[in-house]
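Open the model in your viewer and keep the sequence panel beside it. The stops below are given in the order in which to select them.

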Amino acid sequence: MKKFLLALSVLMLAVGVNAQHIGTEYRLKKVIEVPGRQGIAADKDYFYVSDTRGLYKYDKNWNLVAKRVQTAEDPLFPNPKLANHFGDIDVYDGKIYTGNEKFEFGRGYNIAISVYDANTLEWIEDIPWCAESGQVEVSGLAVDRDKNMIWMSDWVDSRYVYCYSLETKQYYTKMQCRPMPYWTQGIFIADGKMLFAADDGESTYHIADNLYIADIAQVPYTGLVDGQEPEKENPWSVKLDKNGKPVIRKGKIAGGAMAGRLETFREMLDFRRAGEIEGLCIDPCTDDLLVLNNRGTQIILGMSQGPFTKEGYTKEIHEVYVYEKIK
């Protein structure tokens, strides 16, 4: 009987570390300062942190065990001329999935899902971005482990999040966020639901950022279709011809979208200072909620403009807030 109970406990532990579950109430457990300002991910053995141009790997006691930072001698990005920015990340099946792009003052270019080996931090491949989807920036991504899909968020235009199949590596659909959490920074998926970290507070006025949640249990395929749509001059306006009429583009366009209904999940009032919220994840071993936040600097169009010197800051501080699930 003792051997049976021991085997059963080991089996339950193995099952527990293969799934993350979202709670309804959390309590702040600890705060860890890290060198990266973008994303956080966790598997059963390690934590992973992304910086704008770096990846960091920690053991479960927050000891740094490996890192890679973009340099001329060690190009972290496969093509540094085309990309200069990681967003939030996720880790799944031994691979780190990153949102990669060239980011300049509120606009993303050359978007891709860049995949890295979680053991070595070496680049494996890029999953190409589908420009016809309408996405104009990638602030973060999350793997849907149940459906074998990956989603990307858009900080510039947070009306939609975008879904790709990990099996085919092709664009699958997009979800309209209603109401829209502007300046979405990170996402995470568990229990058929998507968590959003939105930089919708105001660091200058000490107004807190927020987390939101939406049900994504049903994800119908829409893909691309032949059609036409107004051509955009930039993410916020259409291109006009000499007569002042919209220029119409013909070709492949998004075939549709699903509706996502967002609810407030948590107001981040316990950050040490309101700043720029970034990535989030759930630890598969403990179900702790981990949220990365930056504080201490003025942010304009997603780029730091220097510290709040009147408050005593001399640099930006990056911290992972670890929340214990209460229920």
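## A tour by selection

Begin with H206, which is placed in the loop between β15 (193-198) and β16 (210-215). Strands here are DSSP runs of E with at least two residues, and helices are runs of H or I with at least four, numbered from the N terminus. H206 has a positive phi near 60 degrees, although it is a residue other than glycine. H206 counts as partly exposed, at 46% relative accessibility; buried means under 20% relative accessible area, exposed means over 50%, and partly exposed lies in between (1.4 Å probe, protein chains only).

Before moving on, note that this is a predicted model, in which local features need pLDDT of at least 70 and side-chain atom pairs count only at pLDDT 80 or more, while totals for chains, interfaces and linings use all residues. Residues are numbered from 1 along each chain as its sequence is written, and side-chain values use heavy atoms, with hydrogens and water left out.

Next, select N148, in the loop between β10 (140-144) and β11 (149-153). N148 is not a glycine, yet its phi is positive, at about 55 degrees. N148 is partly exposed, with a relative accessible area of 30%.

Now go to P179, in the loop between β13 (171-178) and β14 (184-190). The peptide bond between R178 and P179 is cis, with omega about -10 degrees. Most residues other than glycine have a negative phi, and most peptide bonds are trans.

Two strands pair if DSSP finds at least two bridges between them. Look for D51, which stands opposite G54 in β4.

**Around β7**

Select β7 (residues 95-103), where seven of the nine residues are buried, so the strand is largely enclosed by the rest of the structure. Six bridges join β7 to the antiparallel strand β6 (residues 85-92), and I89 stands opposite T98 in β7. The hairpin of β6 and β7 has two residues between the strands, and D93 takes a positive phi near 55 degrees there. β7 is also joined to β8 (residues 108-117), by eight bridges and again antiparallel. In β8, Y116 is the bridge partner of I96.

**R295**

Which strand holds R295? R295 lies in β24 (residues 289-295). R295 is buried, with a relative accessible area of 12%. The side chain of R295 makes a polar contact with the side chain of E319, at 2.8 Å. A polar contact is a pair of N or O atoms within 3.5 Å; within protein, one must be able to donate a hydrogen and the other to accept it, and residues adjacent in sequence count only if both atoms are side-chain atoms. Leaving aside residues up to four places away in sequence, R295 touches several residues, including R272, Y313 and I317 (contact means heavy atoms within 4.5 Å).
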